[in-house]
Amino acid sequence: MSRTGLEYRLSITQILQFTSLYQVPVVGPDVCGFSSNVTETLYASSFYIFFRNHAKISSTSQEFYRWPTVAESAHKSISIRYQLLDYIYTAIYKQNQTSTPTLNPLFFNYPNDTNTYPIDLQFFYGNSILISPITKENSTKYISAEVNYTDITVHYKCGIVYSQHIESANTTTALRKMGFNIVIAPGLDGTAEGSLYLDDGKSVVQDVVSEIDFKYAHGKLSMTGTFEYDIGVNIETIIVLGVDSKLKTRHADYDAKNKKLVVHVDVPLTKKAHVKVL
């Protein structure tokens with residue numbers, strides 16, 4: 001790939017074709033492009049499934065740290081990517097088992113909404129996290145406020161329970177030592193569902209795995225499924241989005257600005273559990 005805005009935009013449509021139509025989940029172009037020379041404001045997304053910074057030998061060096069804005073953008077997006085690694089690993093597993101795409105065009109999630117049909121520059125990471133990259137050079141995107149070059153707009157879809165790590169890490173080995181943060185984004189009916197697949201992360205053929213289902217309703221989070229693989233860490237926090245007021249509990253922190261309740265827990269991922277959150 002070369003580095004113009006056109007090629008950047010085409011890369012998004014092409015990876016969506018591979019993941020959703022051709023059933024090749026682990027796909028992605030060279031970040032910052034392969035041919036020619038990249039410009040500072042066309043740093044590509046780390047929310048492709050296959051992700052590497054690579055260019056041909058005659059191209060100008062393009063390591064992220066060569067531009068302050070690119071370094072800042074990469075730090076933010078790679079950190080989010082690692083925190084969501086088990087979320088996207090679960091999506092890859094589901095595609096292997098059911099052909100449900102790891103990346104989804106908008107119309108896959110909203111087939112009855114004709115407004116989504118021509119949209120090919122936004123996509124769902126997994127089936128629930130909406131990614132809205134800036135795809136035109138020297139431009140910013142408007143939602144309700146301006147988004148800087150160093151930011152990529154990420155939205156949680158309502159009605160979903162998200163499994164992510166409480167912190168990022170520099171390697172997958174280090175990441176697997178981090179506890180889990182379960183993020184609940186209730187739908188209009190106040191419920192949400194999600195899943196988490198766990199295995200050893202190395203073996204081609206797995207001896208034991210865990211397939212965990214989460215359901216949230218009436219202020220309670222239920223965890224059921226199979227619990228054969230012990231990853232060795234627990235759920236340490238449960239975040240509920242869209243909470244209007246702080247609850248009277250010493251085990252929770254409330255963010256009034258973002259209407260977010262953070263509940264501190266210690267729930268193992270090795271057995272069924274029911275946790276009262278609200």
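Start with the whole surface: this predicted model has a chain that exposes about 14,700 Å², with carbon and sulfur atoms supplying 52% of that area. Of its 278 residues, 44% count as buried. Colour by secondary structure next, and you'll be looking at five helices and 15 strands.

**Stop 1: the nonpolar patch**

Which residues make the nonpolar surface patch of about 640 Å²? Select Phe 18, Leu 21, Tyr 22, Val 24, Phe 107, Phe 108 and Tyr 117. Two elements, α1 (5-21) and α4, each give two or more residues to this patch. Pick out Phe 108 while you're here: it lies in helix α4 and counts as partly exposed, at 30% relative accessibility.

**Stop 2: aromatic pairs**

How many aromatic pairs does a search of the whole structure find? It finds 10.

Begin with Phe 18 and Tyr 22, an edge-to-face pair with 5.3 Å centre to centre and 90 degrees between the planes.

Then hop to Tyr 110 and Phe 124. This pair is tilted, with 6.2 Å centre to centre and 45 degrees between the planes. Where do the two partners sit? Tyr 110 is in the loop between α4 (106-109) and β2 (123-125), while Phe 124 is in strand β2, so the pair links distant parts of the chain, 14 residues apart.

Is Phe 124 buried or exposed? Phe 124 counts as buried because its relative accessibility is 4%, under the 20% cut-off. Tyr 110, at 34%, counts as partly exposed.

**Stop 3: a charge over a ring**

The charged end of Lys 157 sits over the ring of Phe 124, 6.0 Å from the ring centre. That gives Phe 124 a ring partner in Tyr 110 as well as a lysine over its face.

**Stop 4: the ring cluster**

Definitions and conventions
Residues are numbered from 1 along each chain as its sequence is written. This is a predicted model: local features need pLDDT of at least 70, side-chain atom pairs count only at pLDDT 80 or more; totals for chains, interfaces and linings use all residues. Side-chain values use heavy atoms; hydrogens and water are left out. Rings of Phe, Tyr and Trp (its six-membered ring) pair if their centres lie within 6.5 Å; planes under 30 degrees apart count as stacked, over 60 as edge-to-face and the rest as tilted. Helices (H or I, at least four residues) and strands (E, at least two) are DSSP runs, numbered from the N terminus. Buried means under 20% relative accessible area, exposed over 50%, partly exposed in between (1.4 Å probe, protein chains only). A charge sits over a ring if NZ of Lys or CZ of Arg is within 6 Å of the ring centre and within 35 degrees of the ring normal. Accessible areas come from the Shrake-Rupley method with a 1.4 Å probe; for residues, only the protein chains shown count as cover. Patches are made of residues with over 30% relative accessible area and no salt bridge: like charges are joined within 9 Å, nonpolar side chains (Val, Leu, Ile, Met, Phe, Trp, Tyr) within 5 Å. A salt bridge is a side-chain nitrogen of Lys or Arg within 4 Å of a carboxyl oxygen of Asp or Glu.
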